[in-house]
Amino acid sequence: MEKSLFEIKQMDCPSEENLIRIKLDGITSVKNLEFDIPNRRLIVFHMGEIEQIEKSIYELNLGSRKLSTELTNQTDFLEDSNQKRLLWYVLAINFVFFLIEMATGIFSKSMGLVADSLDMLADSLVYGISIFAVGGTIRKKKRISKLAGYFQIVLALIGFSEVLSRFFGMEEVPNFSTMFIVSIFALLANALCLYLLQRSKSKEDAHMKASMIFTSNDVIINLGVIVAALLVNWLNSSLPDLIIGGVVFVLVVQGAFRILKLSK
């Protein structure tokens with residue numbers, strides 16, 4: 001058994017990890033992958049030549065380079081059930097708040113909440129793909145990734161078109177109380193996700209650290225929606241809500257294209 005260490009400069013969230021996992025899935029010499037996303041590192045445990053593995057990683061265009069290859073006596077790679085359970089918790093929280101924010105966003109006429117709900121859905125899709133990929137076939141992974149990516153793009157484009165429609169149609173001001181209170185609870189939900197992910201602190205929990213970075217981005221979006229709600233109330237204008245909604249929809253589309261890479 002050998003292990004090769006790679007630097008992956010553009011690996012900063014679970015999307016890139018899933019992309020690499022699926023890219024290397026069909027290579028029989030690969031026995032295990034260990035990801036350290038905060039430090040942009042990947043360890044590949046493999047038997048035999050590294051050339052095919054190296055070529056496949058480089059084809060992803062993630063700024064990759066091999067740092068070292070050495071022999072190892074490690075042969076057992078155990079799946080961390082606690083890690084998987086925490087991912088399920090985080091997925092459930094994100095999906096529940098997708099439903100809550102979508103419903104209240106439509107009710108309060110807040111595009112910020114609607115957009116944030118789609119960001120929650122995007123998170124659920126990424127975590128779901130990550131969990132589903134364990135033990136799944138390459139064909140199933142690609143099919144699920146493609147469906148998730150296109151579904152996410154369609155929803156984001158519909159949302160963005162609604163933002164434009166409301167911008168030119170002088171839509172009434174969103175309900176401040178609903179927008180503010182729900183966005184506060186969404187922030188607390190993502191804070192809970194961070195807490196759950198931080199419960200795993202061992203070296204084997206690198207994916208938890210990666211997911212923590214991913215969820216931290218959601219906290220920033222939540223804060224943006226909260227600020228937009230305050231500006232809506234202060235200015236008595238729907239413009240801040242439309243701006244934050246448009247920004248989040250763009251981020252959702254970018255995430256969808258990352259997911260679509262998994263289906264190639």
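## A sheet, a helix and an oily patch

You'll find F168 in helix α5; helices (H or I, at least four residues) and strands (E, at least two) are DSSP runs, numbered from the N terminus.

Before going on, keep in mind that this is a predicted model, where local features need pLDDT of at least 70 and side-chain atom pairs count only at pLDDT 80 or more, while totals for chains, interfaces and linings use all residues. Residues are numbered from 1 along each chain as its sequence is written, and side-chain values use heavy atoms, with hydrogens and water left out.

F168 also belongs to a nonpolar surface patch of about 810 Å², together with F160, L164, F167, L239, I243, V247, V250 and L251. To count for a patch, a residue needs over 30% relative accessible area and no salt bridge; nonpolar side chains (Val, Leu, Ile, Met, Phe, Trp, Tyr) are joined within 5 Å, like charges within 9 Å. A salt bridge is a side-chain nitrogen of Lys or Arg within 4 Å of a carboxyl oxygen of Asp or Glu. The areas come from the Shrake-Rupley method with a 1.4 Å probe, and for residues only the protein chains shown count as cover. Two elements give two or more residues to this patch, α5 (138-168) and α8 (239-261), and α8 gives the most, with five.

Now for the sheet. It is open, with four strands in the order β2-β3-β1-β4 and antiparallel pairing; two strands pair if DSSP finds at least two bridges between them. At the edges sit β2 (30-36) and β4 (64-71), each pairing on one side only. Six bridges join β2 to β3 (residues 41-46), and six join β1 to β3. Here are some facing residues:

| Residue | Opposite residue in β3 |
|---|---|
| F35 | L42 |
| E2 | H46 |

The hairpin of β2 and β3 has four residues between the strands, and there R40 takes a positive phi near 55 degrees.

What packs on the sheet? Helix α2 (residues 51-59) does, touching β1 (2-8), β2, β3 and β4, where contact means heavy atoms within 4.5 Å. The direction of α2 makes about 160 degrees with that of β4; axes are lines fitted to C-alpha atoms, for helices over the stretch in contact, and angles run from 0 to 180 degrees between N-to-C directions.
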